[in-house]
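Please open the model in your viewer and keep the selection tool at hand.

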Amino acid sequence: MTLTTRAEASQKPGTGRPARRRSLSWGRATPFLLVVPAVLLELIIHIIPMLVGVWMSFVELTQFFIANWSAAPFVGFGNYGIALDFSGSIGKSLVHSFLITCLYTVIVVAVAWAFGMAGALALQRRFRGQGTLRTLFLVPYSLPIYAGIITWSFMLQRDNGLVNHVLLDNLHVIDTPTFWLIGNNAFTSMAVVNIWRAWTFAFLMLMAGMQSVPDELYQAAAVDGAGTWKQVRYITLGVLKPVNVVLVLMLFLWTFNDFNTPFVLFGPTPPPSADIISIHIFSNSFVNWNFGLGAAMSVLLLLLLLVVTGIYLLVTSRRSRRA
Amino acid sequence: MKSRTIASTVVLLAVATTAACGGSTENASSGGGSGSTAGGSTTITYWASNQGTSIQNDKEVLGPELKKFEKQTGVHVDLQVIGWPDLLNKILAATTSGQGPDVLNIGNTWAASLQATGAFMPFDSKALDAVGGKDKFVEASFATGGAPGKDPTSVPLYGLVYGLYYNKKMFADAGLQPPTTWQELMTDAKKLTNPSKGVYGMAMEGGSYTESVHFAFIFGRQNGGQPFDDSGKPTFTTPGMVAGVKQYVDLMSQKVVNPSSVQYKNGPEAPTDFAKGKAAMLMSQNNADNVLQANGGMKPSEYGVVAIPAPNPLPPGGKDVASFVAGINLSIFKNTKNKDAALKFVNFMTSPEEQAILDKPYTALPVVKNGTVNFTSKKDEAKAFAEVLANKSEPLPLVPAESAFETNVGNAVNGLLAQAATGKTVTDADIKAALQQAQDKMASAS
């Protein structure tokens, strides 16, 4: 059909335009058509729920309205007012949760990155058993999240957990069995479990990044008299910069938003020391059946993360442009 | 022609994507959702709470009864048994999405809260007639169906109350009689505790917020407290409530409970400790019987049951309350497409015949009049529980905020127990502060 139209069009140049536009529109539309399913799915899976969440944050969606959302009264910024009233109990606990989350994020990202870097550097040189070690290091990442964390929760039990058994019975480091999942220890346990998972991802990314560093660079540096430390500092880290920018950002976002670790370790209401922000929002929504307030907190979290991410990308891209 | 093809492709794609979504919701609804009528036979979905020794056990107990119901009425029941830690959240999710089962079990203390959501079908007089009439039920149990003065949104299914289980041999060996006052209970518990052997005076499900809030209520009432005032406002920090929570937490502070039990929350861990002789006493609802026998291998002759004692003399305003009117109720989702079948099913489950059958494996008290306590062959145990229900039980407050009370106060008490378990002293001020925080959270809920 197209062929005939084209043939006709070339025979009669004067009448060719509409036909060409038709065939052109097909060509122009193809890329759009190809993304249509993706766009639709993106809308359905991400954008629409997000917008619904924003709408929820402006209504009083409590137990009296959850069966009929449309009847929930509009309260404007009322939910935000409650969440941000730092003299009130809810605002105070939100700030507490926010600070804990910041501390948690800093510790997890820093340690996970350092472990990942150390692991990747160690495995850079060829030696026997390199493949085995590499596979072993990836186990935490390849385990299903739930299975990994629940195993930790068994190990951290007071009476029959592996951790207490090793520390108390084998190493005699402690005298009495310790509670790892309540009180302030809960924070440490949660951080350790997440580092255990996150560092392998850092390791994977950094190791992949290191493959792209040409050996000649190291050789040249060695000729110039640079030691191992200087090679790492100026060559490896230099080349890995773009990888690190993305890696740290991803680790930050994942850790800040971490829900799985506290939820599987502690259930819906973790001890205060481990009450990080996403599970805090969850309990505010589900424990008190106040989805409007929970949604307002979520939107605040989203805005904060957007701002932090924006600033981070701005700073890092400016720095790399300068370099 | 081509542009028309493009347009139609777009439309087709759009429809396909939405259809795919529609398809998945359709699946979800038949999996967890409202039933369907196909080929003349009706199918309804039933969410049963975990009443037996395990979810598998529940399926074995209910299976034959559901077959019997299908034979009688032609209605097929699609059974899903849901564990307690997930039940309320699943109900909430179903309420929010409108994709729920046709018939479901609820903890009767949630009745007023869930009624307020409007997700459940109110049992008006017509619906009540369809399930055998209001008068068929025991009054105290029927009263838990919803807020007073409104059509209830649930009817009682299994009746439960708390009792104090004690290990007969351990008491005899120590030359003790079952306690009749709280002071006696504490002295006995101390005598029976021997941490070096891993034996404690009392078993406790210290990580379970529901257990914690139950005792906060029971002991709060013994000390003259009341969680809500007459206008339905929370009054968690009154001296009576604080003293009640202290009475419970003191079990941990005074070290008559295994500190590890603050992490018990997933199931019958405390009853198992009791059954295995690691604890001499257990405060539990009467459905503990089957766990004691199945999980712990304890013979009915090895334990006795008395009412949970109150302090003597009773503190000012206090009442000799040993339990609340606990139990499981049945509700029908409002947007069920099979209302008649659902009503028939509720009628079947609450019929005296089925009650007599199900009360045994589930060790429940009958919720229909003239039913006999037949989960135990021990007359004194049956008598003790029946007496607690008749004379020493109060319903938990029938207010919409009840569910939030349970979670907030329950979790606050769990936190205090954890504090006591790790060796930190729990002062009255600590308790008051924790309860105040729980109360502040309530303000956001209503």
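Nine salt bridges are counted over all chains, a salt bridge being a side-chain nitrogen of Lys or Arg within 4 Å of a carboxyl oxygen of Asp or Glu. This is a predicted model, in which local features need pLDDT of at least 70 and side-chain atom pairs count only at pLDDT 80 or more, while totals for chains, interfaces and linings use all residues. Residues are numbered from 1 along each chain as its sequence is written, and side-chain values use heavy atoms, with hydrogens and water left out.

Select R158(A) and D159(A) first. Their salt bridge has its closest N and O atoms 3.7 Å apart. R158(A) is buried at 13% relative accessibility, whereas D159(A) is partly exposed at 48% (buried means under 20% relative accessible area, exposed over 50%, partly exposed in between, with a 1.4 Å probe and protein chains only).

Next, select K319(B) and E394(B), whose side chains form a salt bridge of 2.9 Å, N to O. This pair links distant parts of the chain, 75 residues apart. K319(B) is partly exposed at 41%; E394(B) is buried at 13%.

Now move to E65(B) and K68(B), joined by a salt bridge with a closest N to O distance of 3.0 Å. E65(B) is buried at 8% relative accessibility, and K68(B) is partly exposed at 31%.

Note on methods: Chains are lettered from A and ligands numbered from 1 in the order in which they are written. Helices (H or I, at least four residues) and strands (E, at least two) are DSSP runs, numbered from the N terminus.
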